[in-house]
Amino acid sequence: MIPQVSLKPLSWHPHIKPVELESATPDQLAAMKVTPSNKKVSEYVRTLAHDPESYVARTVLFNAIMYVDGGLDRADRELGALSASIVNGCKYCAVVHARRHAQLSKSNQVVSALWFDKTEKLSPRDAAIDRFARRLSVTPSQATPGDIAALRANGMDDREIIDLIHAISIFGWANRLMHVLGHATAVKGA
């Protein structure tokens, strides 16, 4: 039996002043897709909007990897993002993707096992995904054909494995981007 973790949301604070919506350029507004119904644009988005072309490229790629229909199950993508974020030391992303995994899987078991370093409590499939994500995140060459074989042995086809590699890889980049641009703190009252 492992204790059940209850992760509270974190807040991210930029090191540089985010773009103000009132003074944003047309390209920045278009990049943020500001509409009357989208009144809440995060500080992270407004920080990335300093370079609207890069922000749009990043968002299109991120959405295609994490939210596309078909292929790897969303919860498994979130598990790959969570394991990568733990290795990369990005507490903010780890909490966000832990909460999403728990929401999608309707269970806190996997998140609790990872949070309390009880990976022996993971299912064989979740353990294979976590191990592959950690190895790929530490040093890509640590991931071996044996890791791919373990994913296949747990029912994943080549498309799902490619989707997992994309999810893990984009968090190698996303975690580092968040680290240099800001820091996370606990949300007061959460």
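Helix α4 and helix α7 (residues 124–138) cross at roughly 40 degrees, and their axes come within 8 Å. That angle makes α4 oblique to α7. As for handedness, the crossing is right-handed. Keep in mind that you're looking at a predicted model.

So who does the touching here? On the α4 side you'll find Asp76, Leu79, Gly80, Ser83, Ala84, Ile86, Val87 and Asn88, and they meet Arg125, Asp126, Ile129, Asp130, Ala133, Arg134, Ser137 and Val138 in α7. Sorted by class, the contact of α4 with α7 has 7 nonpolar, 4 polar and 5 charged residues.

Let's zoom in on Ser83, which sits in helix α4. Is Ser83 buried or exposed? Its relative accessibility is 0%, so Ser83 counts as buried, the cut-off for that being under 20%. If you skip its neighbours within four places in sequence, Ser83 is in contact with Leu114, Asp130, Ala133 and Arg134. Ser83 also shows how folding brings chain positions together: Arg131 is 48 residues away in sequence, yet the C-alpha atoms of the two are 8.2 Å apart in space.

Now turn to the other partner of α4. Helix α4 (residues 74–88) packs with α5 at an angle of about 155 degrees, the axes being 8 Å apart. Because of that angle, α4 is roughly antiparallel to α5; the cut-off for this is over 145 degrees. Here α4 passes α5 in a left-handed crossing. The α4 residues making this contact include Ala75, Glu78 and Leu79, while His97 and His101 are among those from α5. By class, the contact of α4 with α5 has 9 nonpolar, 3 polar and 3 charged residues.

With a relative accessibility of 3%, His101 counts as buried. Leaving out its neighbours within four places in sequence, His101 is in contact with Ala75, Glu78, Leu79, Lys106, Val110 and Val111.

| Pair | Angle | Axes |
|---|---|---|
| α4 and α7 | roughly 40 degrees | within 8 Å |
| α4 and α5 | about 155 degrees | 8 Å apart |

Finally, how confident is the prediction? The protein chain averages a pLDDT of 92, and 96% of the residues score at least 70.

Key
Residues are numbered from 1 along each chain as its sequence is written. This is a predicted model: local features need pLDDT of at least 70, side-chain atom pairs count only at pLDDT 80 or more; totals for chains, interfaces and linings use all residues. Side-chain values use heavy atoms; hydrogens and water are left out. Buried means under 20% relative accessible area, exposed over 50%, partly exposed in between (1.4 Å probe, protein chains only). Contact means heavy atoms within 4.5 Å. Axes are lines fitted to C-alpha atoms, for helices over the stretch in contact, and angles run from 0 to 180 degrees between N-to-C directions. Helices (H or I, at least four residues) and strands (E, at least two) are DSSP runs, numbered from the N terminus. Angles under 35 degrees count as roughly parallel, over 145 as roughly antiparallel, 65 to 115 as roughly perpendicular and the rest as oblique. A crossing is left-handed if the near helix is turned anticlockwise from the far one by less than a right angle, and right-handed if clockwise. Ala, Val, Leu, Ile, Met, Phe, Trp, Tyr, Cys and Pro count as nonpolar, Asp, Glu, Lys and Arg as charged, and the others, Gly among them, as polar. pLDDT is the predictor's confidence in each residue, from 0 to 100.
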